[in-house]
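Please look at the sequence and the structure before reading on.

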Amino acid sequence: MTFKEKVNKLLIESLSEKPELFLIDFTITDAFKIIVAIDGDNGVALQDCIDLSRLVEGNLDREEQDFSLEVASVGVGSPLKLVRQYKKNVGRTLIVKTATENLEAELVEANDDFVILSWKAREPKKIGKGKETVQKRLEIPYADIKEAIVTVTF
């Protein structure tokens, strides 16, 4: 078993103890620095990162392979990568980039195949001059989303 496979197995086992948490990504650099990004259905507490770090570190042998370990939650401006992240952010505003357009819209629904976005737009009136505000709604398959980021409002 390679070092990466061993780390992956430990992460899966450790996260299975806390089903509300899930792995977003992990990488191992050439210098054997393990960088782990996690997310949670209800967010990630500092203690969650500490617990995961201790579980992984406690089950790896530094005599076998020296390493450093960094466990963190995904950042506020990090792009969404998993369907589970979309589902937990229903009701929030996203900036979504596709091959043809960039949208800032509310995430109304997220299922296993696509998301539904809703937003208001100003368009020319069908009759007469001027513009009117219309409610737009768009279904986008995950495969068409190049990047989606949750916007933060204060």
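## An aromatic cluster

Phe3, Phe32 and Phe67 form one aromatic cluster. Rings of Phe, Tyr and Trp (for Trp, its six-membered ring) are paired here if their centres lie within 6.5 Å, and planes under 30 degrees apart count as stacked, over 60 as edge-to-face and the rest as tilted. By this rule the count comes to 3 aromatic pairs. For Phe3 and Phe32, the ring centres are 5.5 Å apart and the planes stand at 80°, so this pair is edge-to-face. Phe3 lies in helix α1 (residues 3-16), while Phe32 lies in the loop between β1 (21-28) and β2 (33-40), so the pair ties together parts that are 29 residues apart in sequence. Helices (H or I, at least four residues) and strands (E, at least two) are DSSP runs, numbered from the N terminus.

Phe3 and Phe67 also form an aromatic pair, a tilted one, with 6.2 Å from centre to centre and 45° between the planes. Because Phe3 lies in helix α1 and Phe67 in the loop between α2 and β3 (68-73), this pair ties together parts that are 64 residues apart in sequence. Are the members of this pair buried or exposed? Both Phe3 and Phe67 are buried, a word that means under 20% relative accessible area, with exposed meaning over 50% and partly exposed in between (1.4 Å probe, protein chains only). The relative accessibility of Phe3 is 16%, whereas Phe32 is partly exposed, with a relative accessible area of 28%. Phe32 is also a residue other than glycine with a positive phi, near 60°.

## How the model was treated

This is a predicted model, in which local features need pLDDT of at least 70 and side-chain atom pairs count only at pLDDT 80 or more, while totals for chains, interfaces and linings use all residues. Residues are numbered from 1 along each chain as its sequence is written, and side-chain values use heavy atoms, with hydrogens and water left out.

## The overall form

The secondary structure of the protein comes to 3 helices and 8 strands, and from the N terminus on the elements run α-β-β-α-β-α-β-β-β-β-β. The radius of gyration is 20 Å, well over the 15 Å that the globule rule gives for 154 residues, so the protein is more spread out than a compact globule. This radius is taken over C-alpha atoms, and the globule rule is 2.2 Å times the number of residues to the power 0.38. Taken along the principal axes, the C-alpha atoms fill a box of roughly 80 × 30 × 30 Å.

Of the 154 residues, 32% count as buried. Contact means heavy atoms within 4.5 Å, and among contacts between residues at least 6 apart in sequence, 49% join residues at least 24 apart.

Leu15 is found in helix α1 and, at 10% relative accessibility, counts as buried. Leaving aside its neighbours within four places in sequence, Leu15 is in contact with Leu21, Phe22, Leu23, Ile38 and Leu52. The C-alpha atoms of Leu15 and Val90, which are 75 residues apart along the chain, are separated by 23 Å.

Ser53 is found in helix α2 (residues 46-58), and its relative accessibility of 17% makes it count as buried. If residues up to four places away in sequence are not counted, Ser53 touches Leu69 and Val71.

Asp41 has its place in the loop between β2 and α2, where it is partly exposed, with a relative accessible area of 35%. Leaving aside neighbours within four places in sequence, Asp41 is in contact with Pro19, Glu20, Phe22, Arg84 and Lys88. Asp41 and Arg84 are 43 residues apart along the chain, and their C-alpha atoms are separated by 8.0 Å.

Glu104, in strand β5 (residues 102-110), is exposed, with a relative accessible area of 51%. Which residues does Glu104 touch, not counting residues up to four places away in sequence? They are Thr93, Leu94, Ile95, Trp119 and Thr151. Glu104 and Lys120 are 16 residues apart in sequence and 9.7 Å apart in space, C-alpha to C-alpha.
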